[in-house]
Amino acid sequence: MSRFVAFVVTAGVSLSMLGANGCGRGAGPGPNPPAPIDGLRADVVSTYAEPLIVDWSSDQRADLEALTRKGGIAVVRYQKNAIKMLKDCSLEGGYGYVGVTPKEDIIRYDSMDEVAANLPGIFAAGGAQLGAEMQKGSTIDIGWVIVGKKTADRPLAKRSELKGECEGATHFVRGATIGAFAVQNGERSKVSTVASLFGAGGSFKTGSSKLVGKKDGELSSCKTSTTEALKPPEGCGALWKIELRPFDEPKKAATKDEKGSVVKTEDVPECDSGFVWDGKKCASKATAKAFACSGKDEGQCRSQCEKSNAKSCTQLARIYRNAGKDPIQAVEFFKKGCGLGDEAACAEHGWHLLNGIDVNADKFKAFEAFEKACNAGDGLGCSFLAGMHRSGAAPEASPEKAFNLFKRACNGGLSEGCVELGTMYEKGVGTPRDAKKALTIYERACRADNPDGCAHQGSLFTNERRGAGLDRQKAINLFKSACDKGSALGCTELGNMYFGGAGMEREKQSENDAEAAKLYEKACKLWGGAEGCARLGNLMIKGWGVKRDTYNGVLNIEKGCAKGSGYACAELGKIYQYGVYKPRDAVKAYEFYQKSCSLFEGEGCRLIAQLYRGEAGAGVARDDKRSHDFYEKGCRTGHLVSCHQVAVDLYNGVGVKPDYAKALTNYENACTGGYAKSCNEVGFLYDKGQGGVKQDKVKAAQWFEKGCEWGDGWSCENLGRYIEAKIHKAPSQDRALDLFGKACEAAEGDPTACSRLANRYFNGVGVEKDPMKGIQYLRRGCEVKGDKYSCSQLGDLYRSSRYGVSTNFTEALKYFDRACWGRVESACDAKADMYAAGQGVAPNPTEAARIRKESCDRGNTMGCRNLAKMYREGVGVPKKDPALAATLHDKACLMRSNADCYELALMYDKGEGVKTDGKKVAELFQRACAFGNYEACSNMGYFMFKGTADQKKDTVVGLSKLRSACSNYSWRFKDEKDKVKNVWSCGALKRLNQKLEAPAAKPGSGPPPPPGYYGGGTQKM
C-alpha cells in the first residue's frame, strides 16, 4: 500500500483552539502541509490515509454507509482537519463486503501530544479543559470491535473519471472498517476493558464529556458475526475507520517477482516528528516499546522485529526476499510476523510453504496460514486458500469452497481474486455456469487496472458460444490493451487471434503467423507467460511465422511447462507419448500429463483418462474407473470435453454405475459452455426419457436447436427428423430439408449425414428426384467431411452407372481407394475386383490378392472368402493352394460367415484341400444354417433322411428339404447333370437314388405335409 496517515478528523471541526492549549502543538498532526492540488487550498491532504471517524455524527456515518451500499464509490474532499463527503460526485465502481474473525481491542491516549497526533478533532474541541484533565491522569480510551470490511472494487482512480459536482474532490473511499466502537474517559491508573467501555453510562462528567461517552453498536450483537456472513449483524454495522486514496496515485509495483514470489509493497502509517506507529496509534518514540518500521531501513526493521513488532518482521522479510539477500531468512521473518498477528505475513508465508520455495513444502501448514490470513480479511490469503480448494490440495477440498473464497477475495478488493472468480463463473466450476456474471466480474477486475481481467473479458467476445456475443474487434482491442500493460495472457490471446486469422486478413496468414510469434515471445518474457513460451515453441517446431527450429521449439515447450503452464505440460506429454521430436517414453508422457492436470489444465486430465481407457502406447493397463476419475478431474476445471465424457460414462456405465440423471446434468453443463455435441445428447435423453429423465419432446427440440445453431450436425439431423415427423412445428417442411443440409455442412456431427441426404435426392424421398444434387452431397461427404461411406457410394455409382451417372472406372477406383483407407471393407473388395478385372487400371491380380489379404487380416470375411477363391483357382497368388484356401474359409467361418462355413463344407465333401469327412460336412452345414444360410439348412435334409451326423431320422422331412433346396438353387442350370454337379442338394438326391423333383401325387392321397415341409409332394421310402 501507499502512505498510511492515521489520525481522526471531525467534519467541519477546525484547530483554532490549539493555541489556547498550553499542552498542544500548533503545527498539528500528520505530514507537513502539502502543495496545493489543482488549485485547491494548501491544507489539503494529498496522501493515502486511514482516519478514524468515531467523532462523526450518526447522520454523517449513515450517509457514508448509504453511499457504500447503493453502488458507485464515495468521493470526499480531505483537508488537514476536516473531511467532507461530496454526495453529488460519483466514481464508477462499487463495494464488496467481507466478514472477518471478530476482534476487539482498546486504543488509549494518555497525553495531549498523543491526542494531537491521533485525534486532532477531539483535541481541537477539548481545549484547555481536556489538557487539564489529562494532566491529572485522565485518558481517552476507544474500545472497538471489527466484524468486517467494505472494500471498493478498484484500488486507483483518476480525477478525470469523476462525474457530477466534484469541485474540491481529493480522495475516494477505498474501504471502511465495520463493527462497533465506544469512546470514553479513563484513568491512567486503571486498566479499561472493551466490555467496560461499552457498558459505561457516561457518569464521568467533564468539560470534554460531549466528545466522549459515545458509542455505536453493541458487543452482544457483534458476537453473532461470522466470516461467511454477507453483511454485518444488526447492531454491529458501524463504520468507524475509513481508507482514503488520493486521485491519480501512481500504480504500485508488480505483485510478484521473477520467481513468482508475492511482492506486496506496503508502507506503515506516517506520524509526526517524534512519533512512531506502534501498531495501534502514533506513540511517542521515547516511550513506545516497539514500532513498525518504514521498510526502508533494514537495521530499524530488524531492531523492531526483535522487539516483536509484527509489521516490522513483515517489512524485514520483504527486504530480504525482494532484494535477493537471504530468501530462506525472509521466510522465517514472514513466519514470525504471522505468529505476531500480521495477516499479510501469514498469506506470504503460506505461499512459500505451499510451493516449497526457500522452505520445505508443507501443504497443511500452508493451509493453516492461508486460513488465518483469510479469516482476518486478507484477500491474498483467501485467494491462495481458494486455489488449494480448487486444485484439491486442501483438506476436504471442494470447488464450491474455492468459489466462495475467490468471491471473498474479490469482495475484499483483490482484483486477482476477481479474475479467478470470473473464470469460475465462466467455466461453471463450483457454481452454475454464468457468462454474464463472468463478464461483469472481468469488467470489474479490468476497471481495477488488472490487465489480466481485461484479457479474460476479451476472450468472452472471441466466440459466440462464450455468452457475451461475438465481437472480434472488441476482443482484439482488449487483448492489445492488456498486452501493452504487461499481461502475458493478453499477449498470448492476441497472438492466438493472429495465428487463427480471427478478425485478421486471412490472405496475409504468413504475416499473421509472424506477428503471433512476436506476441508469444513477448508473453514468454513476462511473468505468467509460460503458455506463450509453449505456443512459440509449437510455431518454431512447424516453422510457422519463424524459422523452423525443432530443438529450440521443444526447449520452449519444456520451459513453459517448468514455469507452470498446464497447456505446455500437456503438449510436452504428447511429444513423449507419440515419439515426436523426442524418443517415445510412456512414463514421461504420463508424468507430464499428470503435472498438467495438477496445474488445473483439464486437457491434461483428459489425456491421462484416455491412457487409462486403453489408448495405444499408454504404458498403463486399462482401468475404466481411474479413467472416469480423471475425466471428472478435468470436468472440475471447466474442461468441456471432459464433462462430455463424464456424461458418456454415466450413460453407458463405464467405470461408474449408470446414472441417466447425472449424465443429463453433465451433458447440460458441457452444452451451456459451448460444446455443441453435448446439446444433442441432452436432446436425445429428453427424447428417450430414460432412467430419472422425464420424456419431454419439447425440451428435446430446444436442445437440438441449440446444438444445431452451434454447429453440431447430429442436432441438426435430429431436429430435421422431428420436423419431418411433425413432432416439432416449423414454418414449413422445407426447414427439415434445410436442417439436413446443415447436418451435411456441419464440421461436427454425423459424417454420414451427406450420404443420407444424397439418397433422398436419388430416390425422391421428401424432395424432387435430383441425382446430380445427390452426387454433390456425396462429394462433400467424401471430400470435405471425410465420410468413407460417401466415398464408397460414389465408387459404386461411377462403377455401375446408376442414377444416370456415366461409367467412369478411374473415378470409381479413386473413391473406392479412399473408402478402403477408411476401412470400408466392401470398398476394399470392390477395389480388389477392379484390379483383378483391369477396370480403371491395368489388370493386376497380384495386387487384388494383396488387397484382399489385408482386408482378411482386418477381419473382413468377404476378403477372406475371395482370397480363398483365388487360392483355389491359382489366380494372382504364387500357386494354387486348396489347403490354404480351406484355412481362409475356416477363419471366416469362425467369424460367423455362413457363406464360408458353407464353402468349407463343400471342400470337406469333395476332399478339396482337406480329407473327405462326412461328419465335418454335416457340422459345417449346421453352423452355416445357424448363421442364416438357408441352403445349408435345406442340405441338412440329407442327414435327416439317413439319420446320421446326430440327426434324427425323418425320411419325409429330409427328402422334402433336399428337393426344396435343389429346386430353389439350381434354376441357373438347365441340364440335370449340371444341377447335380453344381448344387449340393441335387447331387445328394442323386446319391440317394431319388428324383430331383417329386412325382405328382394322386388327388386326395397321402398324409398332410409335415411341419417344416418346403414343398415338392411326399413319397414313402
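Which residues are buried in α38?

**View 1. Helix α38 and its buried residues in the predicted model.** Helix α38 covers residues 882–894, and its 13 residues reach 18 Å from the first C-alpha to the last, which is close to the 18 Å expected at 1.5 Å a residue. The buried residues of α38 are Ala885, Ala886, Leu888, His889, Ala892 and Cys893. Seen down the axis of α38, these buried residues fall within an arc of 160°, so they line one face of the helix. Among the elements that cover them are α36 (845–857) and α37 (861–873), as well as α39 (898–910) and α40 (918–930). Just after α38, Arg896 takes a positive phi of about 70°.

**View 2. The crossing of helices α11 and α12.** The axes of α11 (residues 379–391) and α12 (residues 399–411) come within 8 Å and cross at roughly 165°; an angle over 145 degrees counts as roughly antiparallel, and α11 and α12 are therefore roughly antiparallel to each other. Their crossing is left-handed, and the contact involves residues of α11 including Cys382, Leu385, Ala386 and His389, together with residues of α12 including Ala402, Leu405, Phe406 and Ala409.

**View 3. The packing of helices α25 and α26.** Helix α25 (residues 640–652) packs with helix α26 (residues 660–672) at an angle of about 160°, their axes being 8 Å apart, and the two helices are therefore roughly antiparallel to each other. The crossing of α25 and α26 is left-handed. Residues of α25, including Leu640, His644, Ala647 and Tyr651, meet residues of α26, including Tyr660, Ala663, Tyr667 and Ala670.

Methods:
Residues numbered from 1 in each chain as written. Predicted model: local features only at pLDDT ≥ 70, side-chain atom pairs only at ≥ 80, totals over all residues. Heavy atoms only, no water. Helix = DSSP H or I, 4+ residues; strand = E, 2+ residues; numbered from the N terminus. Expected span 1.5 Å × (residues − 1). Buried < 20%, exposed > 50% of the residue type's maximum accessible area, 1.4 Å probe, protein only. Arc of directions from axis to C-beta. Contact = heavy atoms within 4.5 Å. Axes fitted to C-alpha atoms, helices over the stretch in contact; angles between N-to-C directions. Parallel < 35°, antiparallel > 145°, perpendicular 65-115°, else oblique. Left-handed = near helix turned anticlockwise from the far one by under 90°.
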